[in-house]
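Here is a short note for a colleague who is new to this structure. Please read it with the model open.

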Amino acid sequence: MRVLFPILLLLAPFFAAGAPVPYDHFPVGTKALGAGGAFTGQADDLSALSFNTAGLVQLEGRHLTYQLYSLLKINRLVDTTLKLKWEFFPLFAFSFPVVEKRLVGAFYFRTLFRSFLESYSVHVLGGALAWKAADWLALGLDAGLAIGHQDINWAAGFHLQGGALFRLG
């Protein structure tokens with residue numbers, strides 16, 4: 001155990017990445033917002049899908065959520081005009097126990113709209129599994145199909161995110 005702890009400590013940043021996709025991170029969930037986005041280590045509700053998928057093992061029973069985070073940015077430009085940017089970050093998710101207190105599954109749909117003034121959006125449809133490997137270790141994997149567009153250009157891709165929770169005390 002004395003050798004394992006330093007190794008896990010060094011590897012933790014690679015597993016517990018906070019941003020789920022390659023654009024600016026958006027804090028989904030009231031707990032995460034209240035913690036200023038520092039939610040990766042706690043991740044004990046369905047917003048764990050955005051922070052650390054391994055946190056799903058902390059859920060008991062079935063859960064259904066719809067969360068919406070809306071952000072209005074106002075920038076004053078050099079010529080004193082204002083630029084408004086209104087962004088929406090919704091998450092619709094359903095979780096269910098596969099094996100009670102050991103394996104939790106989830107399906108989700110989340111959309112990123114980048115303002116009404118710019119035509120840009122990303123939609124992700126996916127699923128996640130979180131496994132409690134030991135009393136001190138949980139692992140999670142999230143995979144989904146992402147479709148996005150900007151103006152008339154469309155793109156599709158595959159979204160993959162892993163996560164881990166270590167109990168240190």
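**Notes on the predicted model**

1. Aromatic contacts. The structure holds two aromatic pairs. One aromatic cluster is formed by Phe94, Phe96 and Phe107. Keep in mind that this is a predicted model.

2. The salt bridge. The count of salt bridges comes to one. It joins the side chains of Arg110 and Asp142, at 3.6 Å from N to O. Arg110 sits in strand E3 (residues 103-114) and Asp142 in strand E5, so the pair ties together parts that are 32 residues apart in sequence.

3. Buried or exposed: which holds for Asp142? Asp142 is buried, because its relative accessible area of 0% falls under the 20% cut-off. Arg110 has a relative accessible area of 2%, so Arg110 is buried by that cut-off too.

4. The largest pocket. Its space comes to about 290 Å³. The lining has 16 residues. Those closest to the centre of the pocket are Val57, Gln58, Lys132, Ala138 and Arg167.

5. Where does the lining of the largest pocket come from? At least two of its residues are supplied by each of strand E4 (120-134), strand E5 (137-150) and strand E6 (153-166).

6. Make-up of the lining. How many residues of the lining of the largest pocket are nonpolar, polar and charged? Eight are nonpolar, three are polar and five are charged.

Technical notes:
Residues numbered from 1 in each chain as written. Predicted model: local features only at pLDDT ≥ 70, side-chain atom pairs only at ≥ 80, totals over all residues. Heavy atoms only, no water. 1 Å grid on protein atoms, 1.4 Å probe; cavity = no way out; pocket = protein on both sides within 12 Å on 5 of 7 lines; lining within 4 Å. Points joined across faces, edges and corners; volume = space filled by probe spheres on them. Helix = DSSP H or I, 4+ residues; strand = E, 2+ residues; numbered from the N terminus. Nonpolar A, V, L, I, M, F, W, Y, C, P; charged D, E, K, R; others polar. Phe/Tyr/Trp six-rings, centres within 6.5 Å; stacked < 30°, edge-to-face > 60°. Salt bridge = Lys/Arg side-chain N within 4 Å of Asp/Glu carboxyl O. Buried < 20%, exposed > 50% of the residue type's maximum accessible area, 1.4 Å probe, protein only.
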